[in-house]
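Student: I would like to learn how to read a protein model feature by feature. Please give me the general idea each time, then the case at hand.

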Amino acid sequence: MSGAFPVQYSTVLSIGIMSRHRISEDREKQSVEISDEDNDGSLPQSYVVMRFDKNIPDATLEWIVDKIHTLRTNGGGELLVLKQPYKESEGVVLHISASTIKFLEAAEEMEIMKCDKNGVRREFTVSSLEDFLPDGMHVDDFLTTAEKQKIIKHELENIRALPVEGCIPGYPQYTLYEGQSILHVCLVEHLIKAIYPLHDVESLKKLGKRWYATLFDPQPLEEIRLYFGEAIALYFAFLGFYTAALVFPTFLGFLQLFVSHETVPFFCVFNVVWVTVLLELWRRRSNELAFQWGTIGMTSLDEPRGNFHGRMGKDAVTGRIQPQYPRWKTTAKLYFVSIPIVIACMLFASVFMLALFWVEDYMKDLGTPLAEQLMNLPSIIYSILVFIINVKYKTLATYLTNWENHRTASQFDRHRVIKLIMFEFVNTFMSLFYIAFVKQDLEILKTQLATMLIVQQAINNIQEVLIPLFIKKYTQRTQQNISVSKEVEDKCENINSREILKHIPEIRSDDTRIAEAEKEDLMDVYEETYDDYLEMYIQFGYVVLFSSVYPLAAFWAVVNNFVEIRSDAFKLCKFNRRPFSKKVKDIGAWQKAFEVVGGLSILTNCGLMFISFHQRKDAYFFDQLQWLVMFVALEHCLLGIRYLLHIAIQDKPEWVRVALAKKYHASKQALKNEQLLKNRGILARKFKTVSSRPFKS
């Protein structure tokens, strides 16, 4: 892709570059020539599209656009802005890009990891640009499209309100405080209706052929990472790893059909070993990928997220001016407000579910014809209300996590996911716990588990692929039918349109980027990886919590996941807008969530074994106290085995630990050598040694 810029931008760009903080001498000496304008003077490549509300006042629009392209010293983003021909029905649509110099400087500031000529992945620096450019590569092609889009989003999120900006012009009710992200305010207040990166059609086609269009080939994780970012690539890596591990319990589940039906004790022990080994090996695998992708060193002191707010001040680690917010305030909000609210919601959901069972039992006891006809009514009401409550609770959890004001995106995601997981666990598994340990009806438990697992997975696949495919086909036909009338309307709108943003270059009306932006604007928004992980988390709970009662659960999970990998990939490539690339080092709170379910599986399966033996006719030779003692002893032994496996399996493989040690040693030696050269220079200037004087005969 070319980093071409219009002739009318050259003056503005030169002033902007000269007015910025001076590029250091080592950058000026680099031999790679960076050109910001092609010979044909074409407009810059579009990377991010921003669509405004149709009724936004001109003054507000001018202010926002000025913040986007003005200098950083004045609180701007120093980005390049183009506009589509104005249509009253769509509002103002901007295409945002950046200069080559801006991309490179931001890449260094964001500590983007790239492979140098020797194949070593390390932090990119402008001073060593030549070391990163392979022979024959143009500097414009050095950063991937996903990296450029992430840089633009980073710069947009860090356009923050200055002390003198108390509100958004034209909207005095939308107050601003120093350091607040202007982009976030505009999105929350719907002044900006949408912001999304554009797809790279050719790259997407090549990726699709190697991904969802194949049945048994391994997933192209590196290509997925380069196009969609580390967060999505890590999800698919986890999904593939987990699906492969399910082969073992699937084999044993089929073996149980032909050998013996009294397999509860065996599956109880097997689950503990399998779940622990699975999660520990995945931790190793995720650390391998994080090292290869250059994200293993992420900490809570990394770059603050765009919505993080506080008083602007000097960062203690980086020395840059960034928002500062006391950690104790976030902690106090979390423990004294958010957690009590979450617990109250969980208690409400539990009581609501128990009330459903009590009503059903009461109607069964009545035995009247009317009661039999209304037997399914409580379940129907419960299903509808649970759906509504889930939507409202998701909004509440997001609001609370935003209000807590966590510094980094990984911290925000972790605390939000924990709130959502706790509530989803109660909603999903509480009914199974009630059937298993209150009613103690293992046959109903088996039937309910099989029904929930198979039906829910089938519904999810229909919702994710078949329904969007049908809607897409229907939408395409509808658009074809109205295309002629729309062209006439567009011409009328263009003739009578108001003139705004006169100083912003306009894309030609026949430019293919306009059609592509309009097409992608109609696509579904990909809501990160939360829903995908949640689906796997619920399935994992079905498989391990009660698998000793229904060992074939693993088989249905494998069938679903084989389809899930390809359906999720197809959905991402065909139906969804391109998500912004997101850097992660692991699966975050989901790792702990899976580990908690793995630990609970010891208690549930031991409890099921206790109930199973206690209900057998030949169990009379043990009284209830003896059964309880055996249950506690077995449960403690299995917990001990789990702990030993956790210790025995290292979090990082040996080669990753050695590579990290080498990297630390090399950086330490580089600092020592730099300090040594500096010390020698100081001593040479201050002291004249005998050996330094010229010899006289």
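Student: What should I know before starting?

Tutor: This is a predicted model, in which local features need pLDDT of at least 70 and side-chain atom pairs count only at pLDDT 80 or more, while totals for chains, interfaces and linings use all residues. Residues are numbered from 1 along each chain as its sequence is written, and side-chain values use heavy atoms, with hydrogens and water left out.

Student: How many helices and strands are in the chain?

Tutor: Helices (H or I, at least four residues) and strands (E, at least two) are DSSP runs, numbered from the N terminus. The chain has 23 helices and ten strands.

Student: What percentage of the residues count as buried?

Tutor: Buried means under 20% relative accessible area, exposed over 50%, and partly exposed in between, with a 1.4 Å probe and protein chains only. Of the 697 residues, 47% count as buried. As for contacts (heavy atoms within 4.5 Å), 76% of those with a separation of 6 or more join residues 24 or more positions apart.

Student: Which residues have the most contacts inside the largest nonpolar core?

Tutor: A nonpolar core is a set of buried Ala, Val, Leu, Ile, Met, Phe, Trp, Tyr and Cys residues joined through side-chain atoms within 4.5 Å. The largest has 91 residues, and Phe228, Trp274, Tyr537 and Trp590 have the most contacts inside it. Helix H16 (residues 409-439) gives the most to this core, with twelve residues. Not counting residues up to four places away in sequence, Trp590 touches Val417, Ile421, Tyr530, Tyr533, Leu534 and Tyr537. Another core, of 51 residues, lies apart from the largest one and includes Ala107 and Tyr174.

Student: How do H4 and H6 pack, and at what angle?

Tutor: Axes are lines fitted to C-alpha atoms, for helices over the stretch in contact, and angles run from 0 to 180 degrees between N-to-C directions. Angles under 35 degrees count as roughly parallel, over 145 as roughly antiparallel, 65 to 115 as roughly perpendicular and the rest as oblique. The axes of helix H4 (residues 100-109) and H6 are 10 Å apart, at an angle of about 80 degrees, which makes H4 roughly perpendicular to H6. From H4, the contact takes Lys102, Phe103, Ala106, Ala107 and Glu109; from H6, it takes Lys148, Ile151, Ile152, His154 and Glu155.

Student: Is H6 mostly covered or mostly uncovered?

Tutor: Mostly covered, since eleven of the 13 residues of H6 are buried. Among them are Lys148, Ile151 and Leu156.

Student: Which way do H19 and H20 run relative to each other?

Tutor: Helix H19 (residues 530-545) and helix H20 (residues 553-574) have axes that come within 11 Å and cross at roughly 175 degrees. They are therefore roughly antiparallel. The residues that meet include Met536 and Tyr542 in H19 and Ala557 and Asn561 in H20.

Student: Where does Arg122 lie?

Tutor: Arg122 lies in strand S5 (residues 121-123). At 28% relative accessibility, Arg122 counts as partly exposed. Leaving aside neighbours within four places in sequence, its contacts include Ile112, Asp116 and Phe132. The C-alpha atoms of Arg122 and Lys663 are 9.4 Å apart, although 541 residues separate them along the chain.
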